[in-house]
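This briefing is intended for a reader who is meeting the structure for the first time.

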Amino acid sequence: MEWGGRTLSVEIGKLALLTHASCTVRYGDTVILATAIMSKNTRDGIDFFPLTVNFEEKLYAAGKIKGSRFIKREGRPSDDAILSGRLVDRAIRPLFDNSTRNDVQIILTALSYDTENDPQIPALIAASLALTISPIPWAGPIAGARVGRLEDGDWLLNPTSIQRAGKMLDLVVAGTSEKLIMVEAGSKELPEDLMFSAMRYGAEQISPVVDFINKIQKEIGKEKIDLNKSANGTEQKLKSVEKEVREG
């Protein structure tokens with residue numbers, strides 16, 4: 001689909017086929033691989049939902065090769081990588097059932113970065129798409145968009161790195177077609193009505209992407225796992241084994 005003057009495209013069924021779901025999302029020439037997987041069993045002794053979202057930066061994504069002759073491993077995650085993972089986490093976490101105790105892991109890997117289109121937005125869309133088509137219980141889909149402001153006062157969808165430099169507003173919104181779930185912004189002082197207007201503009205722009213993901217889900221989406229049913233089934237098996245041991 002065409003979105004913000006650039007092509008947003010997805011590919012499914014080529015990479016990471018052993019996961020519950022995987023996809024690549026391309027926006028411009030920035031490409032993100034998303035994988036989603038959930039453990040079969042619950043984790044005992046915890047009182048929180050164990051969701052992990054990692055954003056993996058790779059030097060080759062920007063056409064760089066490490067200069068050392070011997071050390072070719074990637075270093076620890078950069079601040080940008082950690083913040084990108086947290087941005088996606090905040091957007092997708094509210095749509096999980098908080099009572100879930102199965103580990104869920106979302107890995108977002110930057111395969112290509114064109115230095116213009118920020119990888120955070122395609123990463124967020126890729127995570128949403130992977131969860132939507134997977135059997136993992138999740139109340140999505142969602143989409144995200146970055147909103148900038150031109151000097152003439154018009155709003156700009158997904159500004160490039162150059163367009164964002166030194167501007168008075170850098171806003172990221174994420175949500176469904178009906179409501180926003182996550183808002184992150186850095187800006188100079190703005191009137192409240194302008195900030196609401198920017199959020200409203202971002203909410204309008206993510207709706208076509210949510211519809212795009214819904215269309216894909218209808219074509220190839222997997223049936224969601226009923227965690228309550230599987231938990232009850234496991235409990236029944238344990239009771240059956242316990243009965244056999246006692247009788248034996």
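This is a predicted model: local features need pLDDT of at least 70, side-chain atom pairs count only at pLDDT 80 or more; totals for chains, interfaces and linings use all residues.

By class, 17 charged, 14 nonpolar and eight polar residues make up the lining of the largest pocket.

**The largest pocket**

- Helix 1 gives the largest share of the lining, with nine residues.
- Five elements each supply at least two residues of the lining: strand 5, helix 1, helix 3 (161-164), strand 9 (169-175) and strand 10 (180-187).

**The enclosed cavity**

- The count of cavities of 30 Å³ or more comes to one.
- About 70 Å³ of space lies in the largest cavity.
- The residues that line the largest cavity are R6, Y27, N117, D118, I121, P122, R146, N158 and P159.
- By class, this lining of the largest cavity divides into four nonpolar, three charged and two polar residues.

**Aromatic pairs and a charge over a ring**

- The model holds three aromatic pairs.
- One of them joins W3 and Y27, whose ring centres are 5.5 Å apart and whose planes stand at 55°, a tilted arrangement.
- This pair links distant parts of the chain, since W3 belongs to strand 1 (residues 2-3) and Y27 to strand 3 (residues 21-27), 24 residues apart.
- W3 has a relative accessibility of 3% and therefore counts as buried.
- Y27 likewise counts as buried, because its relative accessibility is 3%.
- The rings of F49 and F96 also form a tilted pair, because their planes meet at 40°, with the centres 4.8 Å apart.
- The pair of F49 and F96 again links distant parts of the chain, 47 residues apart. F49 lies in the loop between strand 4 (30-42) and strand 5 (51-56), while F96 lies in the loop between helix 1 (79-92) and strand 6 (102-112).
- Both F49 and F96 are buried.
- Together with W138, F49 and F96 form one aromatic cluster.
- R149 is placed over the face of W155, 5.5 Å from the ring centre.

- Strand 1 pairs with strand 2 (residues 6-11) in the antiparallel sense, over two bridges.
- Within this pairing, E2 stands opposite T7 in strand 2.
- Strand 1 and strand 2 form a hairpin, with two residues between the strands. G4, in the turn of this hairpin, has a positive phi of about 65°.
- Strand 2 and strand 3 run antiparallel and are joined by four bridges.
- E11 stands opposite T24 in strand 3.
- In a regular strand, side chains alternate between the two faces of the sheet.

**Points that connect the topics**

- Y27 takes part in two of the features described here: Y27 is among the residues lining the largest cavity, and the ring of Y27 pairs with that of W3.
- Helix 1 gives nine residues to the lining of the largest pocket, and the loop that holds F96 lies between helix 1 and strand 6.
- Strand 5 is one of the elements that supply at least two residues to the pocket lining, and the loop that holds F49 lies between strand 4 and strand 5.

Technical notes:
Residues are numbered from 1 along each chain as its sequence is written. Side-chain values use heavy atoms; hydrogens and water are left out. On a 1 Å grid over the protein atoms alone, a cavity is a set of points where a 1.4 Å probe fits but cannot get out, and a pocket is an open set with protein on both sides within 12 Å along at least five of seven lines; lining residues have an atom within 4 Å of a point. Grid points are joined across faces, edges and corners, and a volume is the space filled by probe spheres set on the points. Ala, Val, Leu, Ile, Met, Phe, Trp, Tyr, Cys and Pro count as nonpolar, Asp, Glu, Lys and Arg as charged, and the others, Gly among them, as polar. Rings of Phe, Tyr and Trp (its six-membered ring) pair if their centres lie within 6.5 Å; planes under 30 degrees apart count as stacked, over 60 as edge-to-face and the rest as tilted. Buried means under 20% relative accessible area, exposed over 50%, partly exposed in between (1.4 Å probe, protein chains only). A charge sits over a ring if NZ of Lys or CZ of Arg is within 6 Å of the ring centre and within 35 degrees of the ring normal. Two strands pair if DSSP finds at least two bridges between them.
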